[in-house]
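Please look over the sequence and the 3D structure shown next, and then read the briefing that follows them.

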Amino acid sequence: MTKKSYRQAVNEAIAQEMRRDPTVLIMGEDIAGGQGGTAGVEDAFGGVLGVTKGLYGEFGPERVIDTPITESAIMGMATGAANTGLRPVAELMFVDFFGVCFDAIYNQAAKVRYMFGGKAKTPMVVRTMIGAGLNAAAQHSQTLHPVFTHVPGLKVVMPSGPYDAKGLLIAAIRDDDPVMFLEHKALYDMEEDVPDDPYTIPFGEANFVLEGDDATVVALSRMVQTAKSAASGLAKDGIEIELIDPRTTSPFDEESILESVERTGRLVIVDESPPRCSMASDIAALVATKGFKHLKAPVEIVTAPHTPVPFAPSLEQAYIPSEEKVDAAVRRVMS
Amino acid sequence: MSAILPIVMPKWGLAMEEGRILEWHAAEGAEIARGQDLVDIETTKITNTLQATDGGTVRRLVGSVDEVYPCGALIAVLAEPDVPDADINAFVDSFVVVVPETEDDTGPEFKTLEAGGLRFRYVEEGEGQETVLFLHGFGGDLLNWMFVQPDLAASARTIALDLPGHGASSKDLGDIKDMEGLARAVAAFLTAAGIEKAHVVGHSMGGGVALALAKAEPARVASLTLLAPAGLGALVNTQFLADFIAAKRRRQMTPVAEALFADPSVVSTEMVEEIIRFKRLDGVEEVLKTLAAALADAGRAEAPAGIPVRVLWGSEDKIVPPPADLPAPFAFTRIEGVGHMPHMEAVAAVTEAIAAQIRS
């Protein structure tokens, strides 16, 4: 057990699965070479943010495929490879690029098992970077998880830290269905204790990051860390929140949230996405339909505004749900 | 004579950095005996009671309730009543906290070695003529000994290891199916580590392993100290084992963990989360099922000839309920008010029993 970063946890998950299972391969833009087109194997940077470092050297060009800049080909290739017996882990460098390859994902990969009556499967993983905070501007900072969550046949995973990232990615690679694995780019440097051995975390099982009786706070991905920071300020004033990280939006652990709201009666949802058709609105509706009688106050949602992600740093910081906004929302739901 | 004895915040396990004082059990001026409960301390992993390592009069309670102190910080001072207050004041004022560097700590560290085709993680602490080997129980790991090992490391070479399938040791048991198999693996470890003979301390399933080791290789075992052991004919609570294996989430595992202790409030969220995380590791579920089957049928070992055996058992043990007594040559001690974890719930009694084995 050692302290590892989110980036290292993802790298380790891929490496350990590639060692265990020769049908696992990875493909994507710059996943071998990385920044600036480095030449030899020893130099290989491994992805624009270094996440796939070392894999080319260990597994070679047949299993670590640097692709041209053509997402439609990458995802089409991955879908076909998955349908014919391989287990590809394809990288969509920024989730914002999904537009040019979405057909392969939602209309092919997600539908194969159903439309072939179970006679074919698509065991592929699409790893992709989401989220704002690195000043990457409107076309490189979205989260877009509601879009994928909406599609039956796609699994959607949003790890909030290194320990979860490794276990969920190993589970995703072993899963026989197409999985969207959403890595928040602002979390790559986060460190925590991660076991050296391989392990899996099941999908559809929320994590109770904090336990408390005053208010239920549901948060996703980086927002889990934001809510955790807000929790310590709230605790000083005697407010103990129950912080739930669903880990996966599809399949989704409804039961844990409903059970928690039954006890606390108060719900705050923190979702780094614009509010229309978001996970925040989805979860609020879930509780309003199935847990209405337990609510002591209206549901509070803390989301990004309905705008593109700004490039100006001050505006980008205003866009991202902050610790202060979470704190204020919890106090409102308690009053 | 006129010695002043500092009581410091203990370091329970390698990860502990600080502790919070919950409650003092002795007031200033009180006379306390060695082994007596002194103070309840809460860490992120567990809440436990620090017992006095020596008798004396409590001259100063330096640590305040609800305050957090780093490991090594002075929290109380014991001395005889004839030591002047001025001396006590001077001692407190001049006390220097030894804060170990996180990287270059001269304290114990995790090590690994390969033996019999398996990787073992272990912690080695202390030096001395005698070697003490600690074997944890079902689903446990070497950290279970964190309250007991440091005390004994003061005067002996101590080694606590992760049994195959547990902690950070290999999770693939190979052809190991039972405690005899684990004992063979432990023997291979001893050979690889160059240890000819050791005082073996075993808890629960580890006790069964210790008995099997003593039967198979008696020349390696100087003495046995068994805590709530499997393998002496007491029936193991198989429902507990099944619940332990079945629990997938903290909510399910918490009551299982609480059943281990006479006082369930010592179980922290972090302790339960660590058990859940251990169970997620590849291969662990298989290991636990295999060993649970062996424990259901643990048998009754004979006392190994020529090897002194002490057995300590908590009266409130719900996992391996204690017998009324054990025949000679087993030296049996029943500890009142203690559950299945005497090495955490009755630290002084356990360290004293092991120390006595080493002395004799």
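Are helix 3 of chain B and helix 4 of chain B roughly parallel or roughly perpendicular to each other? With their axes 8 Å apart, helix 3 (residues 179–193) of chain B and helix 4 (residues 205–216) of chain B pack at an angle of about 70°, and they are therefore roughly perpendicular to each other. This is a predicted model, in which local features need pLDDT of at least 70, side-chain atom pairs count only at pLDDT 80 or more, and totals for chains, interfaces and linings use all residues. Residues are numbered from 1 along each chain as its sequence is written, chains are lettered from A and ligands numbered from 1 in the order in which they are written, and side-chain values use heavy atoms, with hydrogens and water left out.

**Terms for helices and angles**

- Helices (H or I, at least four residues) and strands (E, at least two) are DSSP runs, numbered from the N terminus.
- Axes are lines fitted to C-alpha atoms, for helices over the stretch in contact, and angles run from 0 to 180 degrees between N-to-C directions; angles under 35 degrees count as roughly parallel, over 145 as roughly antiparallel, 65 to 115 as roughly perpendicular and the rest as oblique.

**Helix packing in chain B**

- On one side of the contact (heavy atoms within 4.5 Å) are B:Met179, B:Glu180, B:Leu182, B:Ala183, B:Val186, B:Ala187 and B:Leu190 of helix 3 of chain B, and on the other are B:Met205, B:Gly208, B:Val209, B:Ala212 and B:Leu213 of helix 4 of chain B.
- By class, this contact of helix 3 of chain B with helix 4 of chain B has 10 nonpolar, 1 polar and 1 charged residues, where Ala, Val, Leu, Ile, Met, Phe, Trp, Tyr, Cys and Pro count as nonpolar, Asp, Glu, Lys and Arg as charged, and the others, Gly among them, as polar.

**Helix packing in chain A**

- Helix 1 (residues 6–20) of chain A and helix 6 (residues 162–174) of chain A have axes that come within 8 Å and cross at roughly 30°, and these two helices of chain A are therefore roughly parallel to each other.
- The contact of helix 1 of chain A with helix 6 of chain A has, by class, 10 nonpolar, 1 polar and 5 charged residues.
- The axes of helix 3 (residues 71–83) of chain A and helix 4 (residues 102–115) of chain A come within 10 Å and cross at roughly 5°, which makes helix 3 of chain A roughly parallel to helix 4 of chain A.
- Helix 3 of chain A contributes A:Met75, A:Gly76, A:Thr79 and A:Asn83 to this contact, while helix 4 of chain A contributes A:Ala104, A:Ile105, A:Gln108, A:Ala109 and A:Val112; the residues divide into 5 nonpolar, 4 polar and no charged.

**Where chain A meets chain B**

- In this interface, 21 residues of chain A are in contact with 12 residues of chain B.
- The two chains bury about 1300 Å² between them, 31% of it on carbon and sulfur atoms, buried area being the accessible area (1.4 Å probe) that two parts lose on being put together, summed over both.
- In chain A, the residues that lose the most area to chain B are A:Tyr163, A:Asp197 and A:Glu205, together 37% of what that side buries.

**Salt bridges**

- Between chain A and chain B the count is 7 salt bridges, and one salt bridge joins the side chains of B:Lys171 and A:Asp197 (2.8 Å, N to O).
- A:Glu183 forms a salt bridge with A:Arg127, their closest N and O atoms being 2.6 Å apart; because A:Glu183 lies in strand 7 (residues 179–184) of chain A and A:Arg127 in strand 5 (residues 125–130) of chain A, the pair ties together parts that are 56 residues apart in sequence.

Methods
Salt bridge = Lys/Arg side-chain N within 4 Å of Asp/Glu carboxyl O.
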